[in-house]
Amino acid sequence: QVQLVESGGGLVQAGGSLRLSCATSGRTFSRYTWAWFRQAPGKEREFVAASRRVGGSTDYADSVKGRFTISRDNAKNTLYLQMNSLKPEDTAVYYCASSTRVVGTTTPAGYDYWGQGTQVTVSS
């Protein structure tokens, strides 16, 4: 069993920054990939960024490259998403997720545990 709890969402103006946190607990030793997804009203859940336990490799969606950074504090068992230069199109509910998979981790189907989500709203 794995538990994920997101926090840090809010309302910001375009160009501003937010840092999302995902506190993790439970049987996390079998988790290989940790990721952030987002879902806007009327749209499908989409991949944002992923971090892998072995090797420290990261993946980013093209829409957030150069603006968002995924990181992990292993001592605190917490996953982070630093979001800079925010745009109105970044507005969505953001979810953290975990997977035992090594590959095929840029789609929601690859993840078996999810947080409750945190709202991010970016105004013009």
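**Close-up views of a predicted model: pocket, disulfide and sheet**

**View A. Lining of the largest pocket.** Thr28, Arg31, Trp34, Ser51, Arg52, Arg53, Gly56, Arg72, Asn74 and Asn77 line the largest pocket. The structure is a predicted model, in which local features need pLDDT of at least 70 and side-chain atom pairs count only at pLDDT 80 or more, while totals for chains, interfaces and linings use all residues. Residues are numbered from 1 along each chain as its sequence is written, and side-chain values use heavy atoms, with hydrogens and water left out. A pocket is an open set of points on a 1 Å grid over the protein atoms alone, with protein on both sides within 12 Å along at least five of seven lines; a lining residue has an atom within 4 Å of a point. The volume of the largest pocket is about 200 Å³, taken as the space filled by probe spheres set on the points, which are joined across faces, edges and corners. By class, the lining comprises five polar, four charged and one nonpolar residue. Here Asp, Glu, Lys and Arg count as charged, Ala, Val, Leu, Ile, Met, Phe, Trp, Tyr, Cys and Pro as nonpolar, and the others, Gly among them, as polar.

**View B. The disulfide between Cys22 and Cys96.** One disulfide (a pair of cysteine sulfur atoms within 2.5 Å) is found in a search of the whole structure. Cys22 is joined to Cys96 with an S to S distance of 2.1 Å. The bond links distant parts of the chain, 74 residues apart: Cys22 lies in strand E3 and Cys96 in strand E9 (residues 92-99). Because the torsion about the S-S bond is about 65°, the disulfide is right-handed.

**View C. The open antiparallel sheet.** The order E1-E3-E8-E7 describes an open sheet of four strands with antiparallel pairing. Strands are DSSP runs (E, at least two residues), numbered from the N terminus, and two of them pair if DSSP finds at least two bridges between them. Strand E1 (2-7) and strand E7 (68-73) are the edge strands, each pairing on one side only. From one strand to the next, the twist averages 20°, with axes fitted as lines to C-alpha atoms and angles running from 0 to 180 degrees between N-to-C directions.

**View D. Bridge partners along E3.** Six bridges connect E1 with strand E3 (residues 18-26) in the antiparallel sense; Leu4 has Thr24 of E3 as its bridge partner. E3 also pairs with strand E8 (residues 78-83), again antiparallel and over six bridges. Leu18 stands opposite Met83 in E8.

Note on methods
On a 1 Å grid over the protein atoms alone, a cavity is a set of points where a 1.4 Å probe fits but cannot get out, and a pocket is an open set with protein on both sides within 12 Å along at least five of seven lines; lining residues have an atom within 4 Å of a point.
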